[in-house]
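Work through the exercises below with the sequence and the 3D view side by side. Try each task before reading its solution.

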Amino acid sequence: YPSDTEEVIDIKDIIVPYEIQHSKPNVHKVIEYTKRFEQIGTIDTAVTVSKRIIFGTEHYVLTNGYVRYLILKQNGIDEVPVRFEE
């Protein structure tokens, strides 16, 4: 896992906000991050999430690292290295 990993969580436990889901990822980032993933077998930096209480239950909400999240998802990887937003 990347050195900035604070925890590893299941990809199903991450909520991707609507505005992030409907944004268009930068093509250059997708190509660059995919190449790095293929070279090292994982993402190079943990994705950033925040812990939020929704209807009384704690959830992880993606705040940064959408392209890396998508790469993991597309490659069938369930364990996501995360760091927490301060």
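**Exercise 1. How much space lies in the largest pocket, and which residues lie nearest its centre?**

Step 1. The volume of the largest pocket is about 190 Å³. A pocket here is an open set of points on a 1 Å grid over the protein atoms alone, where a 1.4 Å probe fits and protein lies on both sides within 12 Å along at least five of seven lines; lining residues have an atom within 4 Å of a point. Grid points are joined across faces, edges and corners, and the volume is the space filled by probe spheres set on them.

Step 2. The model is a predicted one, in which local features need pLDDT of at least 70 and side-chain atom pairs count only at pLDDT 80 or more, while totals for chains, interfaces and linings use all residues. Residues are numbered from 1 along each chain as its sequence is written, and side-chain values use heavy atoms, with hydrogens and water left out.

Step 3. The lining has 14 residues, and K29, N64, G65, Y66 and V67 lie nearest the centre. At least two lining residues come from each of α2 (27-40), β4 and α3 (66-74). Helices (H or I, at least four residues) and strands (E, at least two) are DSSP runs, numbered from the N terminus.

Step 4. V67 belongs to helix α3. With a relative accessible area of 9%, V67 is buried (buried is under 20%, exposed over 50%, partly exposed in between, with a 1.4 Å probe and protein chains only).

**Exercise 2. In what order do the five strands of the open sheet lie?**

Step 1. The order is β1-β5-β3-β4-β2, with mixed pairing. At the edges are β1 (7-10) and β2 (14-15), each of which pairs on one side only. Two strands pair if DSSP finds at least two bridges between them.

Step 2. Go along the order. β1 and β5 are antiparallel over four bridges, and I9 is opposite V80 in β5.

Step 3. β5 (residues 79-84) and β3 (residues 47-54) are parallel over three bridges. T48 has R83 in β5 as its bridge partner.

Step 4. β3 pairs with β4 (residues 57-64) in the antiparallel sense over seven bridges; K51 is opposite Y60 in β4. These two strands form a hairpin with two residues between them, and F55 in the turn has a positive phi of about 50°.

**Exercise 3. Is F55 buried or exposed?**

Step 1. F55 has 83% relative accessibility, so it counts as exposed.

Step 2. Together with I15 and I54, F55 makes a nonpolar surface patch of about 320 Å². Patches are made of residues with over 30% relative accessible area and no salt bridge; like charges are joined within 9 Å, nonpolar side chains (Val, Leu, Ile, Met, Phe, Trp, Tyr) within 5 Å. Areas come from the Shrake-Rupley method with a 1.4 Å probe; for residues, only the protein chains shown count as cover.

**Exercise 4. Which residues are linked in a network of salt bridges?**

Step 1. A salt bridge is a side-chain nitrogen of Lys or Arg within 4 Å of a carboxyl oxygen of Asp or Glu. The count is four.

Step 2. D44 meets R36 at 2.2 Å, N to O. R68 and D44 form a salt bridge at 2.8 Å; R68 is in helix α3 and D44 in the loop between α2 and β3, 24 residues apart.

Step 3. The network consists of E32, R36, D44 and R68.
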